[in-house]
Every structure is written in structure tokens, then in C-alpha cells.
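I set down each item in the order in which I looked it up.

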Amino acid sequence: MSAAEPAGLVARVLRESERTAIRARNGLKYLGGSEWAPERPTPSDVVWRQATAELRRYRSDRVRFRDPVVLYIGLVSRSYILDLHRDKSLVRSLLDAGLDVYVLDWGTAGPGDAHNTLETYVERYLPRALRAALDASGAERASMVGYCMGGNLALLGLAAQDLPVRSLVTMATPIDFSALPGLAGAIREQEIDPDRLIDWTGNVPPQYLSAFFRARKPTADIANLARLWEGLWDDEFVEAHQAMARWAREHVPFPGAAFRQVADQWLEGNAFMENSHWLGGRRIDLRRVTLPTLSILATRDDLIPPEAAAPIGDVIGSREFELLELEAGHAGLTTSRKAATTTIPRLQEWLTSHNAPKEA
Amino acid sequence: MAAPGRPPWMRAVLRAERTIGEPLTKAANSREGAVVLMVAARAGQLARGAVHGARSRVVHTLSLPSHRDVQLLDAKVDRLRRTVEELSAAQREQDREDGA
């Protein structure tokens, strides 16, 4: 045994005991509800609001491109996944590329929103939020980025009406709903009656959605707790962990009327694949979506498997279409290390190449 | 940030989690798993509903409004508020079009 070895051993023991003391302190703070990660770490201002929906513009003095970029997700989660944590923020990455960034959050539906249909979001809130973004930016057209179900809302919006949009990005957006597993499959096969999921408020309660999301990986909490204990001495790790854990467990009620349409048209009718969607009492044609489109899918996505997302290029009418496949999971598409090196640079490049320099 | 080299206990936990978790994930992600899950979630909901119902009946015998009555009234007011907001937004759009 060399002299260095006992010294190294002592140093390791000292380091571990120091970390364990910090773990105990941070663990108590964590259990006590201390906040490491602020919600929406990037400064922003609300520029439009209706009912629960609001549009935020992210502050930047480095905007070099003319057209605003409007990002949003679906109706079951909060949009702060797009600005999760100071080191894992899609919003901040797009600001760094010189883009004028807006995030549309549909908010938390209450009993007063139970009658909201897909038309409410696609034909009312979305065009109004886009108009507000254009007014604030002084531009004529915007780029839209729809994440997960947000991409479906974007496709419906573009197929149903003329929206002032120059380019579209969809991320992990399901198209072939027959390829979705679990709850979606059970509703599709009418093993679960969608009406039975709606409570007295007229909405699908978030507890059902949380139970479904937790059940996707029933033992994941054990691994997450072990990872948390291992990294609990490190404030940066705890901050990132808390931000992700908070988003993953926070679901919002799904407006009942919109949910019935989703169950009927998307799940049972597979309306995106069959191009058979009805909106506002008329049938819409997805081939009307002809603007340049980038679609990003995650190959390890267990929520929206790649085979569910891949057919988008076959159902829309865009001639300029690109499909980017990334080895990541559903949320990892924007928050993983791979996202930082692959998705985000490609997204920055694509969005800036479909934009124009801002006039001085 | 936390060091990338994982201690042996952590590797063992992750290995065990994978071993147990994979079959459980497969079962939970099946249609049957979803049905079981939803039945369990709904049973919980119904149990809570029964408690609320019993509490409401007791309060109603005293001719007082229950918590659920207030919630239902709140929901109606909320719906009216949404209707007014929508009418205002539609009017603003109309004014804008007329102005243009």
C-alpha cells in the first residue's frame, strides 16, 4: 500500500461525511417545501390574456429577427416545461439565437371552462394570441412551435383558418393515434367510457392524468428518490431536479367538452391519420397546411411513440417538410443533454433560416 | 453538479428498479393496466363523492348551503364570467376589423 492511498481514503471519507451533512440539511429543506428552482426563470411579461389563457413575451435586448416565435404545449400540462430551469430552457436558447419569443399557456381550466371545445382554443384563443404577438412585435407573420398536443392544436388551427404564420415546428406530436399505448388505447377500444372520467366540474380531474402519467413508469419514483439523495449535497442538482419533478407532477384539468372531442375524433376516429377532423361544424383538410414545417420526434418516447408521430409528413400538404429524429424521451426532447447538443441547435438554425433580419 | 461516477449502492438501486420496473411498466402501459388504473382512480373519486354527499345532507338538514352548493354556484358564476369575456373579446375583434 502506498502512502497516497490512506491519504486518499481519508479525503474520501471526509468528503462523504461533509456531503452527508449537507444532504441532511438540504433534505430537511426539501421536505419543508423550500424552493430551489423558480417557476419561469426567464423574465417575461404578459401581453395578452383571456379567461385562463395568457401569452408571455420573454424579455430580450438581443432580438435580431423580425418574426416572433410563439410556443405552446397541449391542454394537460403547464407550459413552463419550455422554460424549466436556467440551464434547461428552450425559451432562453431561442432568445440566445436572437429570436423574439412568446409562450402561450392555456392555464388551469376551472368549472367555468368545462364547455370549452377544441374550437375555443384553436379558433378563438390561438388567433387572438397570435395577433397580440404580432402587435407587440410589429411583424406580419409569426413562427409557431407546438409541443406534443400543442402541435395538434397548431395543425387544426392552420387547417381551419388563415393564420398569420410563416413556419411551423411540431415536437413529439401524435398523428397516428392507433399507435398510442395505455389509456389512449383503452379509450380507443371503448374499454373506458370517456364520460366516466369527467367529474362534477365538467372537466377531467388532474388526478386521473397524474395517475396515468405515474403509472407509465411505476417504479420511477424510487430511482428518482435515489438520484435525489445522491445529488442532494449539490444545490445546482437539487434545483434542476425540483424543476423537473414539479412539472412532471403538475397536471391541469382537461376541459370536458374538448376531452370528448379528443376521445371521439382523435382516439376513436384517428382523425389526423384519416384526415377526417371536424371543427366548428365543418370538415377540415389537413392538406391545407402547406407552410414550411419541421417535425421533431423522440425515438425513446414512451408517451408518444415514434410510430405515432412519424406520419405527419404524409398527412399535411407542406412541400418543405423535414423530420428530425432524436434519441431522447418525451420531456428529454427539450431538457436532456442530447437536446442541448442536437434538438436546440437544429431548432435555432431552422427557425432563424425561416425568418428575416429585423430592420433597425 | 453531482459527479457522473455513481456509487455502488446507486448502481444497485437503479439495477433493481430496472428489473422490477420493466415488467410493471409493460403491464401498466397495456390497455388492461389503464382500465384497472382508471377503475381505482374512479373508486377513490366515488368514495370522496360519497363523503361530500353525506356531509352535504347533514348541512342541508340545518337549511344551510353545503360546500358543494357553493362550489356549484361558483362554477355557474365562472361560466357567466367566461361568456362575458368571450363577448368582450369578440367585440374588440369586431371593432378592430371595423377600424381597419
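Entry 1, a helix crossing. I looked up the handedness with which helix 3 of chain A passes helix 4 of chain A, and the crossing is right-handed. The model is a predicted one. I then noted that the axes of helix 3 and helix 4 (residues 149-160) of chain A come within 10 Å and cross at roughly 65°. Since angles of 65 to 115 degrees count as roughly perpendicular, I recorded helix 3 of chain A as roughly perpendicular to helix 4 of chain A.

I next listed the residues that make this contact. Helix 3 of chain A supplies Leu118(A), Tyr121(A), Val122(A), Glu123(A) and Leu126(A), and helix 4 of chain A supplies Leu153(A), Leu156(A), Gly157(A) and Ala160(A). Sorted by class, the contact has seven nonpolar residues, one polar and one charged.

I turned to helix 7 (residues 220-231) and helix 8 (residues 235-249) of chain A, which pack at an angle of about 155° with their axes 9 Å apart. Helix 7 of chain A passes helix 8 of chain A in a left-handed crossing. On the side of helix 7 of chain A I found Asn224(A), Leu228(A) and Gly231(A), which meet Phe237(A), Val238(A), His241(A) and Ala245(A) in helix 8 of chain A. This contact has four nonpolar, three polar and no charged residues.

In what order do the eight strands of the open sheet of chain A run? I read the order as 1-2-6-3-7-8-13-14, with mixed pairing. Strand 1 (44-50) and strand 14 (321-326) of chain A each have a single partner strand, so one side of each is left without a neighbour in the sheet. Neighbouring strands of this sheet are turned by 20° against each other on average, direction ignored.

Within the sheet I checked strand 3 (residues 68-72) and strand 6 (residues 100-105) of chain A, which run parallel and are joined by five bridges. Val70(A) stands opposite Tyr102(A) of strand 6 of chain A. I also noted that helix 3 (residues 118-137) of chain A packs on the sheet and touches strands 1, 2, 3, 6 and 7 of chain A. The direction of this helix makes about 140° with that of strand 1 of chain A.

I recorded 14 helices and 14 strands for chain A. Its radius of gyration is 22 Å, close to the 21 Å given by the globule rule for 360 residues, so chain A is as compact as a globular protein of that length. The C-alpha trace of chain A spans about 80 × 60 × 35 Å along its principal axes.

Notes. Residues numbered from 1 in each chain as written. Chains lettered and ligands numbered in written order. Predicted model: local features only at pLDDT ≥ 70, side-chain atom pairs only at ≥ 80, totals over all residues. Pairing = 2+ DSSP bridges. Helix = DSSP H or I, 4+ residues; strand = E, 2+ residues; numbered from the N terminus. Axes fitted to C-alpha atoms, helices over the stretch in contact; angles between N-to-C directions. Contact = placed C-beta atoms within 7 Å. Left-handed = near helix turned anticlockwise from the far one by under 90°. Nonpolar A, V, L, I, M, F, W, Y, C, P; charged D, E, K, R; others polar. Rg over C-alpha atoms; globule rule 2.2 N^0.38 Å. Parallel < 35°, antiparallel > 145°, perpendicular 65-115°, else oblique.
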